Amino acid sequence: VRFRVAYAAAAIAASTAATALALLLSMIIIAIAGASPVDAMRALYEGAFGNRVQIAGTLTKMIPLVLVALGWIVAFSTNRINIGFEGQILIGGAAAAFIGLEVTGLAAPLHLGLALLVGVTAGGAYALIAAWLWARRSVNEIISTLLLNLIAVQLVSWLVHGPLQEPTRSFPRSDPVATSARWPKMVANTSLGYDLILALLLVVVVSFVLRRTTFGFRLRFTGANEEAARRAGIRTTFTTVLAFAVSGALAGLAGCSLILSSETGTLTDNFSAGYGFAGIVVALLARNKPAGVVPAALLLASLRQGGGLMEASVGVPASLVLITQGLVILLVAATAFVVERLWVVRVDAPTPAPDLTPAASMVKEAGR
Amino acid sequence: VSPFDVAWLSATIRLATPVLLASTGELVSERAGVLNIGLEGMILSGAFAGFLASYFSHSFLLGLGAAVLAGASLAAVMALVSIKARADQIVTGVGLNIVALGATTFAYREIFSGRPAIELALPQPIALPGLSDIPVIGPSFFRQTALVYVAFLAVGAVWLLLYRTTWGLSIRAAGELPTAADTSGANVDRIRWSCTIFAGAMAGLAGAYLSIGRVGFFTEGMSAGRGFIALAAVIFGGWRPVGVMLACLALGAADAIQLRLQAEPSVPSVLWLVIGLIAAAVVAAKWIRRRREPWSWMMLVVAISFAGIGLGMFVAAPQWRFPPQLWLSLPYVIALVALAGVVRRVRMPTALATPYVRGHEL
């Protein structure tokens with residue numbers, strides 16, 4: 001237990017340091033661009049937490065980030081890398097929008113439920129393409145998910161220029177989805193809906209499933225040592241494919257939120273808006289622990305929310321937020337090995353060679 | 001009218017060039033064990049740096065230099081984080097892509113907002129004496145700009161490097177079994193550093209070709225997935241220089257035809273014939289390999305019916321229209337299908353995407 005606490009402390013310290021450094025570098029960039037970093041940071045803060053509407057905006061932007069981060073954690077627990085969240089968000093959201101637009105005459109909770117179900121299934125199914133290619137054709141899932149992202153962008157572009165375009169055909173967007181398919185608002189006159197509760201609930205669920213259920217154990221065992229897991233009787237390929245589908249389903253749910261919880265409720269070109277990659281930043285910042293996802297998502301959501309005001313009032317392009325995000329990824333990645341090393345050394349130090357790699361400890365756990 | 005003409009061949013070469021430049025570099029770094037997902041970002045920053053430098057210096061060569069420098073310095077960050085700090089290569093690459101997209105967009109808006117949009121002068125094509133007079137092949141292959149020739153010459157150079165030099169042997173060892181390379185006295189980290197930076201420089205060149213080599217301006221996110229296509233081409237080409245070149249040409253051909261089809265009022269009937277014949281050839285090739293197995297004659301039946309359907313569509317010539325988005329997604333779909341088709345028969349470098357830590361087992 002002491003090692004675990006030490007590890008957690010080191011991880012939190014490293015994540016915080018990485019974020020602080022990324023923000024510092026961003027401030028230097030602002031200064032180079034000729035604006036006052038202090039003013040920019042104040043605008044960023046005001047934009048994210050200035051008043052009720054801004055806070056609600058930040059919390060709204062947190063929802064897809066949390067869901068995508070959970071998706072990454074589930075896939076990564078089996079050692080697979082899903083970078084197709086952008087595509088899965090687009091497909092899931094488009095499917096939900098289709099239900100919201102074309103199905104009529106359903107009562108509010110049913111309509112919303114159906115839209116969510118279809119959106120989640122569509123996101124999962126889209127991820128299954130990559131999972132199938134990986135399992136049956138040994139296609140590297142990183143490349144296939146990246147290509148599937150680009151295909152999904154074109155698919156949604158076709159939908160909003162073709163079958164689902166609004167009747168006047170002058171804008172590349174759909175009509176607003178039916179009110180019965182929208183997420184009800186949690187705070188009146190703001191963008192915040194009840195999907196926040198669902199997202200936070202899912203953090204607990206994913207954490208519980210991964211740590212306390214047989215299914216979660218199978219996922220982690222497969223990820224830690226596939227060969228050993230197979231010899232222990234786990235159907236590793238099936239488990240991995242399932243994890244990938246769940247990962248895509250969570251991104252699909254994020255896509256549903258972006259449509260059914262947005263102020264306009266319309267399907268637009270590229271509505272995933274980089275959430276798919278920002279969600280990965282969240283997961284990495286949380287070092288793949290569900291518990292860490294909430295604060296990490298809050299941080300990135302506030303950057304996103306505040307970036308708009310920063311651009312408007314200080315004149316610093318909001319794409320600075322992208323740079324900050326990328327820097328966070330690089331810095332977290334760079335410190336991961338150091339944290340890992342610290343942990344291994346602490347465990348190894350007392351006796352010569354107690355092999356306490358994750359896989360070995362799991363074999364022990366399985367034997368118990 | 002057939003869309004498969006000299007202009008199409010010429011466009012194939014032009015569209016294959018940026019992908020070829022990037023994937024030739026990536027090939028070297030993957031053979032050394034470094035998987036560079038950040039290729040897309042390096043192309044993008046090369047495109048921006050190239051445009052920036054030639055906008056202010058009015059010099060094409062300075063633009064090229066700046067692009068190479070930009071790609072290489074991003075690659076140096078990649079090397080620093082993934083080789084020196086032993087971070088996960090994939091995560092690092094994803095981070096670099098985001099930084100590059102943010103930084104180029106940011107800088108472009110900061111520097112060029114309010115300036116008149118201008119198109120820089122493009123480099124002139126060079127007709128190779130003698131070769132350019134050959135009918136069909138001459139005008140399509142041998143009347144291109146200098147960067148196109150550089151891209152194809154680089155394939156030969158990389159082949160020589162990998163298979164005919166000691167250095168190439170060390171590179172391949174670093175990607176297959178770094179422990180062995182280390183034991184035999186090669187410096188794995190130094191090999192990986194130089195290969196990563198080479199890949200970055202080539203990606204920068206690819207970016208320069210996109211901005212100052214072909215259109216004369218820069219747009220935000222103009223690399224448009226070419227880095228990912230280049231990664232696919234390396235796999236599709238089986239991690240071998242000539243294979244990678246053929247993969248890039250095939251993807252370039254698909255890109256050239258989709259550009260053409262966007263402009264056509266309906267799908268030209270000859271396309272159906274070509275698709276039918278390609279599908280038939282793929283299935284027939286599979287039949288030849290597995291003809292001793294029971295039921296393999298079924299494949300032959302499928303191959304013949306593909307060819308038949310293609311021929312039927314060619315004769316019937318249906319006036320179908322498809323949305324431009326379908327054509328735009330075609331190169332990605334083809335890359336995906338190609339990966340699904342070939343990947344099992346090629347073997348990737350064993351230590352690909354594995355950081356090397358001395359004393360740790362691979």
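Guide: A residue counts as buried when its relative accessible area is under 20%, and as exposed when that area is over 50%. The model here is a predicted one.

Visitor: Is B:Asp182 buried or exposed?

Guide: B:Asp182 has 14% relative accessibility, so this residue counts as buried. B:Asp182 belongs to helix H8 (residues 178-183) of chain B. Leaving out residues up to four places away in sequence, B:Asp182 touches B:Val188, B:Tyr356 and B:Arg358.

Visitor: Where is A:Ser26 placed, and what does A:Ser26 contact beyond its neighbours within four places in sequence?

Guide: A:Ser26 sits in helix H1 (residues 2-32) of chain A. A:Ser26 has a relative accessible area of 1% and is therefore buried. Apart from neighbours within four places in sequence, the contacts of A:Ser26 are A:Leu320, A:Thr324 and A:Leu327. Take A:Leu327 as a case: 301 residues separate A:Ser26 and A:Leu327 in sequence, yet their C-alpha atoms are 8.8 Å apart in space.

Visitor: Where is B:Ser296 found, and which backbone oxygen does its side chain reach?

Guide: B:Ser296 is in the loop between helix H12 (269-289) and helix H13 (297-316) of chain B. The side chain of B:Ser296 reaches the backbone oxygen of B:Arg291 at 3.0 Å. With 6% relative accessibility, B:Ser296 counts as buried. Not counting residues up to four places away in sequence, B:Ser296 touches B:Trp287, B:Arg290 and B:Arg291.

Visitor: How many salt bridges are there over all chains?

Guide: Start with the general idea. Side chains of opposite charge can pair when their charged atoms come close. By the rule used, the count over all chains is 10 salt bridges. One of these joins the side chains of A:Glu141 and A:Arg80, at 3.1 Å from N to O. This pair links distant parts of the chain, 61 residues apart: A:Glu141 is in helix H6 (residues 141-161) of chain A, and A:Arg80 is in the loop between helix H3 (52-77) and helix H4 (85-102) of chain A. A:Glu141 counts as buried, at 5% relative accessibility.

Visitor: Why are A:Glu227 and A:Arg231 separated by about one helical turn?

Guide: A:Glu227 and A:Arg231 are separated by about one helical turn because they are 4 residues apart in helix H9 (residues 226-231) of chain A. Their side chains meet in a salt bridge of 2.7 Å, N to O. A:Glu227 is partly exposed at 36% relative accessibility, whereas A:Arg231 is exposed at 69%.

Visitor: Which parts does the pair B:Arg86 and B:Asp189 tie together?

Guide: The side chains of B:Arg86 and B:Asp189 meet in a salt bridge of 3.2 Å, N to O. B:Arg86 lies in the loop between H3 and H4 of chain B and B:Asp189 in helix H9 (residues 188-215) of chain B, so the pair ties together parts 103 residues apart in sequence. B:Asp189 counts as partly exposed, at 24% relative accessibility.

Visitor: How many residues of chain B are in contact with chain A?

Guide: In chain B, 42 residues are in contact with 43 residues of chain A. The area buried between the two chains is about 3700 Å², and carbon and sulfur atoms give 79% of this area. The count of salt bridges between chain B and chain A is 0, while the rule finds 3 residue pairs in polar contact across the interface. On the side of chain B that touches chain A, H4(B) gives the largest share, 15 residues. By class, that side has 29 nonpolar, 9 polar and 4 charged residues.

Note on methods:
Residues are numbered from 1 along each chain as its sequence is written. Chains are lettered from A and ligands numbered from 1 in the order in which they are written. This is a predicted model: local features need pLDDT of at least 70, side-chain atom pairs count only at pLDDT 80 or more; totals for chains, interfaces and linings use all residues. Side-chain values use heavy atoms; hydrogens and water are left out. Contact means heavy atoms within 4.5 Å. Buried area is the accessible area (1.4 Å probe) that two parts lose on being put together, summed over both. A salt bridge is a side-chain nitrogen of Lys or Arg within 4 Å of a carboxyl oxygen of Asp or Glu. A polar contact is a pair of N or O atoms within 3.5 Å; within protein, one must be able to donate a hydrogen and the other to accept it, and residues adjacent in sequence count only if both atoms are side-chain atoms. Helices (H or I, at least four residues) and strands (E, at least two) are DSSP runs, numbered from the N terminus. Ala, Val, Leu, Ile, Met, Phe, Trp, Tyr, Cys and Pro count as nonpolar, Asp, Glu, Lys and Arg as charged, and the others, Gly among them, as polar. Buried means under 20% relative accessible area, exposed over 50%, partly exposed in between (1.4 Å probe, protein chains only).
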